[in-house]
Amino acid sequence: MPAAGVGRPVIERRLHPVTPFRRAWAPIAVLVGWAVHDPNQAQEQLTRLTTTTLLIALAVLVPAASLYGFLTWWFTHYAVTDSELRIRTGLLFRRAAHIRLERIQAIDVSRPLLARIAGVAKLRLDVVGAEKKDELAFLGEEDARALRAELLARAAGFAPETAHEVGEAPARELLRVPPRKLAAALALTGATWGTLAAALVVPPLLWLATHSVWTVLATGVPLLGAAGAAGAGRFVGEYDWTVGESPDGLRIDRGLLDRTHETVPPGRVQTVRIVQPLLWRRPGWVRVELDVAGSANSVLVPVAPREAAEGIVAHVLPGVCVPAAESLARPPRRAGRCAPVWWRGYGTAVTDTVFAARHGLLRRRLALVPHAKVQSVRLTQGPWQRLWRLADVHVDTGAGKTVTARLRDAQQAAELLASQAERSRTGRNDARPDRWMT
């Protein structure tokens with residue numbers, strides 16, 4: 001193999017030998033997809049099959065699927081050089097990914113249930129500018145953690161000769177969500193009961209109206225899936241949620257069946273949202289969500305007391321204090337002409353570190369945008385708003401999201417626009433570098 005960097009040879013490695021069993025399901029998944037797409041035709045074809053034909057089909061399909069899984073595993077390699085991670089995949093159509101180490105912003109370790117039984121894990125890489133995550137599935141659990149630690153160490157600037165000796169940075173536990181509290185919080189969420197009620201009511205009504213089994217199934221199954229995802233699915237996915245602090249960012253471990261080990265990249269958080277449904281106000285619980293540039297990570301804390309959640313926010317955004325509810329400036333009363341009743345849920349605050357905007361009367365959402373993360377500031381004013389001397393101020397972030405201060409007094413909105421543009425400029429000059437382990 002040719003040398004890389006300063007002459008160190010590139011050593012290509014294969015994935016774990018269990019990987020072919022995972023990839024062998026691809027041809028079978030194609031058949032299942034065809035059957036779901038055209039169930040009537042699939043049912044007709046199955047009724048025509050004799051026992052002998054079915055056995056012959058299985059005798060051909062199983063070896064073909066096994067061969068496909070083996071060949072895709074055999075032609076998949078990865079290698080770590082001094083400056084990049086290389087992944088070569090493809091049986092018929094070859095694909096080579098060269099991932100610059102300094103562009104890696106997070107590496108998540110995922111262990112689905114069957115992978116945990118087999119003792120393997122999957123690495124998913126968040127790369128700046130990439131639309132979707134590259135992944136290595138599967139590696140041995142120890143190999144996955146060692147490779148993750150080595151890649152993060154190299155991304156942090158450690159020499160290639162010593163990066164593999166650095167190991168995984170130690171983590172200090174900050175918060176753990178008890179299963180009972182998580183179950184109680186989900187039970188007090190309106191979405192859980194709303195989707196469940198729809199799943200129980202809509203299918204019988206469709207049957208009375210159409211007497212079509214396929215119409216009922218086509219509607220009822222997605223509704224039941226949504227109901228499961230809203231309640232049981234979230235409980236299983238957010239079970240044993242643990243947040244820890246380490247030099248490479250905040251670590252999140254979660255999952256009952258599938259265990260996931262995620263990292264919130266330092267310096268990449270664009271927006272923090274503190275969400276509080278109506279029924280969570282009495283116990284004082286909140287949910288913390290994130291917008292991270294180039295990452296799919298969106299939840300930091302599924303449920304926690306407000307004081308504990310604000311403590312976690314302080315680790316994500318150092319030096320930031322969450323504005324109190326009474327410090328938020330509400331729109332003028334004439335804003336009720338544009339948004340009757342709901343205008344009371346709007347509020348805005350600007351501190352030395354963040355731009356904060358709240359919206360929602362029943363389900364409150366307080367969004368915090370660090371001044372250094374603001375990409376642009378806009379003022380919009382519709383004809384009805386102009387009549388009542390009102391305007392909206394929009395703050396755009398690097399994650400492609402927008403936080404809006406709604407229905408502000410027009411003059412105050414113009415002043416906020418100018419002052420926020422200046423705060424953003426000075427904030428970027430004073431921002432800390434987006435580096436691992438700094």
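**Exercise 1.** Is T348 buried or exposed?

*Solution.* The structure is a predicted model, in which local features need pLDDT of at least 70, side-chain atom pairs count only at pLDDT 80 or more, and totals for chains, interfaces and linings use all residues. Residues are numbered from 1 along each chain as its sequence is written, and side-chain values use heavy atoms, with hydrogens and water left out.

Step 1. Recall the cut-offs: buried means under 20% relative accessible area, exposed over 50%, and partly exposed in between, for a 1.4 Å probe and protein chains only.

Step 2. The relative accessible area of T348 is 7%, so T348 is buried.

Step 3. Locate the residue: T348 belongs to strand β16, residues 347–350. Strands (E, at least two residues) and helices (H or I, at least four) are DSSP runs numbered from the N terminus.

Step 4. List the surroundings, where contact means heavy atoms within 4.5 Å. With neighbours within four places in sequence set aside, T348 touches S327, L328, A329, F355, A356, A405, R408 and L416.

**Exercise 2.** Determine how β14 is placed in the structure.

*Solution.* Step 1. Of the 8 residues of β14, 8 are buried, so this strand is largely enclosed by the rest of the structure.

Step 1. Sort the side chains. In a regular strand they alternate between the two faces of the sheet. In β14, W285, R287, E289 and D291 point one way, while V286, V288, L290 and V292 point the other way.

Step 2. Find the partners; two strands pair if DSSP finds at least two bridges between them. β14 pairs with β13 in the antiparallel sense over 6 bridges, and V272 has L290 as its bridge partner. β14 also runs antiparallel to β15, joined by 4 bridges, with P305 as the bridge partner of W285.
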